[in-house]
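Biologist: Please take a close look at one part of this model, the charged side-chain pairs. Then set them in their surroundings.

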Protein chains: 2
Amino acid sequence: MAAILNHFTSNPIRPLLPLNKLKPLSSSTKTIQVTTTDSNPTNWSTINADVDARLKQALPIRDPIDVHQPMHDLVFSAPKTLVPALCTAACELVGGEHKDGVDVASALNLMLAASYTHQYLPNLLQRPNPPSFPHNIELLTGDGIYPLGFELLASPDGVGGDAERALRVILEVARAMGGQGLVEAQYMKVKRAKGELDVDCALMRMCERGEGSVYSCAAACGAIVGGACEEDVEKLRRYGFYVGMIHGLLDGVGREGDVEEEVKRLRFLALKELEGFDAEKVRAISSLVDADTTRCVQ
Amino acid sequence: MAAILNHFTSNPIRPLLPLNKLKPLSSSTKTIQVTTTDSNPTNWSTINADVDARLKQALPIRDPIDVHQPMHDLVFSAPKTLVPALCTAACELVGGEHKDGVDVASALNLMLAASYTHQYLPNLLQRPNPPSFPHNIELLTGDGIYPLGFELLASPDGVGGDAERALRVILEVARAMGGQGLVEAQYMKVKRAKGELDVDCALMRMCERGEGSVYSCAAACGAIVGGACEEDVEKLRRYGFYVGMIHGLLDGVGREGDVEEEVKRLRFLALKELEGFDAEKVRAISSLVDADTTRCVQ
């Protein structure tokens with residue numbers, strides 16, 4: 001566990017477990033079975049609807065239409081993730097307001113949509129359901145979406161009403177999205193697509209920098225806007241990281257090998273971070289370690 | 001002038017003067033002559049050196065090298081603009097610290113470098129001195145540079161030490177860089193390159209959303225971190241806008257027509273905004289309305 005915790009301090013890249021030591025799942029086991037938490041105590045689709053409503057407000061189809069229509073379309077066509085659920089649940093777990101969690105989740109969703117759009121532009125990765133815009137529109141609208149995410153976080157009528165908290169959240173988000181976070185993961189994906197990267201060596205790092213980085217940011221930011229103490233922010237950051245790793249591994253492994261033991265271990269570590277929180281409130285967020293939860297947020 | 005001021009409130013797009021009413025310059029006059037301010041009372045190249053030093057600190061060539069080396073190279077190969085000079089001069093004009101102006105200017109420089117890099121990716125515009133990286137690296141490193149700019153603004157050891165001011169600056173920067181600012185201007189440039197845009201109709205708007213938006217942001221942000229009152233922030237915002245329009249028009253018109261009268265008018269409006277500031281201090285910033293100043297910042 002020390003290696004994982006280092007991720008949050010000095011940021012060395014140490015795989016949780018070398019991939020070649022991961023035991024394969026039996027061929028009949030496609031998803032991780034969850035028995036210790038309720039499968040869906042919170043209606044995650046409601047949270048996604050709240051985030052979509054916030055984004056529709058932040059992204060009206062206004063002048064110039066040529067720019068804003070594609071921005072709108074690209075944001076709402078990006079795939080759903082657990083990020084909004086994680087962020088909002090962390091915020092509420094520490095006693096914060098639902099709307100603050102939704103605000104941060106909306107900003108994160110914008111940036112993930114921009115990142116998702118750009119990820120497919122080098123034509124090295126095949127985008128499912130590609131939009132009908134030419135590449136230059138995708139490129140520029142992606143560039144327009146990033147700052148809108150930061151604008152949302154800094155706006156005084158939202159999270160920005162508390163400048164100290166908003167600034168901390170902006171710092172967290174900027175780091176998670178940048179060259180030592182999601183951008184590195186995407187860079188690795190592109191290299192992998194070009195056959196320049198050994199997947200066995202790179203998968204753990206790719207997940208750490210991608211899902212690990214983004215999910216830990218989502219949970220920490222939810223905790224920060226919810227007014228958590230430092231200790232709880234760090235617990236939820238680690239919880240988010242483990243959830244991100246689980247989802248990243250299950251998503252990324254697919255055709256290349258399975259990771260049953262490692263996912264079980266991550267799940268155990270994740271749930272351990274929730275000890276000490278209000279038992280009733282913890283049920284919602286704890287369900288997110290369940291791989292099946294992804295089905296609830298589509 | 002009312003039309004210009006509206007730009008800062010309800011944001012309607014009203015050209016300062018229709019382009020077909022602009023008088024051509026005589027063929028022998030290539031730059032605007034300046035007689036009312038000293039030509040270079042401040043050594044702008046020193047400010048650019050300060051900004052570069054700050055950026056070298058913020059952008060060490062660290063792990064992963066594959067990501068950070070191109071980020072570093074793309075940032076330092078982007079063309080110089082008046083933005084750092086304008087931002088730092090505005091900060092100092094209102095009694096702020098030089099280092100705060102440099103911090104904001106550095107963040108703006110990062111975002112302009114990312115934006116410059118992406119602008120040439122659709123292959124519709126010809127980049128002078130193109131970097132040796134493939135397009136996918138330019139794309140992803142651009143994506144990594146944007147959040148680094150916001151990280152710089154939010155860092156507690158810099159501008160972020162004053163959360164209220166930092167948050168205002170982040171909001172300003174996010175708006176200037178987004179879909180109603182620089183991204184729209186770039187979108188128009190791409191359309192122009194494809195022959196889908198009438199330059200005569202579009203040039204003023206392109207300058208408003210591009211240089212006008214970015215320069216007004218630089219001056220306003222310099223004033224904000226310098227601790228200016230609201231009235232002075234707005235005066236410097238307008239000053240920056242006029243300076244941006246002058247430089248945008250001179251830069252953009254080149255082969256398509258000249259704009260002597262309009263530039264003279266903008267110059268008059270710009271200098272008017274500086275009335276009431278300390279006469280000695282105003283000399284530095286006022287020199288930026290001089291088109292020739294661009295030569296001082298290379």
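Modeller: Start with A:Arg54, which forms a salt bridge with A:Asp103; their closest N and O atoms are 2.6 Å apart. A:Arg54 sits in helix H2 (residues 44–58) of chain A and A:Asp103 in helix H5 (residues 98–119) of chain A, so the pair ties together parts 49 residues apart in sequence. A salt bridge here is a side-chain nitrogen of Lys or Arg within 4 Å of a carboxyl oxygen of Asp or Glu. Helices (H or I, at least four residues) and strands (E, at least two) are DSSP runs, numbered from the N terminus.

A word on the source. This is a predicted model: local features need pLDDT of at least 70, side-chain atom pairs count only at pLDDT 80 or more, and totals for chains, interfaces and linings use all residues. Residues are numbered from 1 along each chain as its sequence is written, chains are lettered from A and ligands numbered from 1 in the order in which they are written, and side-chain values use heavy atoms, with hydrogens and water left out.

Back to the first pair. A:Arg54 is buried, at 15% relative accessibility. A:Asp103 is buried too, at 7%. Buried means under 20% relative accessible area, exposed over 50%, and partly exposed in between (1.4 Å probe, protein chains only).

In chain A, A:Lys99 and A:Asp100 also meet in a salt bridge, 3.4 Å from N to O. Here the two partners part ways. A:Lys99 is exposed, with a relative accessible area of 55%, whereas A:Asp100 is buried at 16%.

Chain B has a pair of its own. The side chains of B:Arg205 and B:Glu184 meet at 2.7 Å, N to O, in a salt bridge. B:Arg205 belongs to helix H9 (residues 199–225) of chain B and B:Glu184 to helix H8 (residues 182–193) of chain B, so this pair ties together parts 21 residues apart in sequence. B:Arg205 is buried at 19% relative accessibility. B:Glu184 is buried at 3%.

Charged groups also link up in a network. A:Glu172, A:Glu234 and A:Arg237 are joined by salt bridges in this way. Over all chains, the structure holds 26 salt bridges.

Now the interface. Contact, meaning heavy atoms within 4.5 Å, takes in 46 residues from chain B and 46 residues from chain A. The area buried between the two chains is about 4000 Å², with 69% given by carbon and sulfur atoms. On the chain B side, B:Leu140, B:Leu167 and B:Tyr187 lose the most area to chain A, together 16% of what that side buries. Buried area is the accessible area (1.4 Å probe) that two parts lose on being put together, summed over both.

Two salt bridges are counted between chain B and chain A. In one between A:Glu151 and B:Arg175, the closest N and O atoms are 3.2 Å apart.
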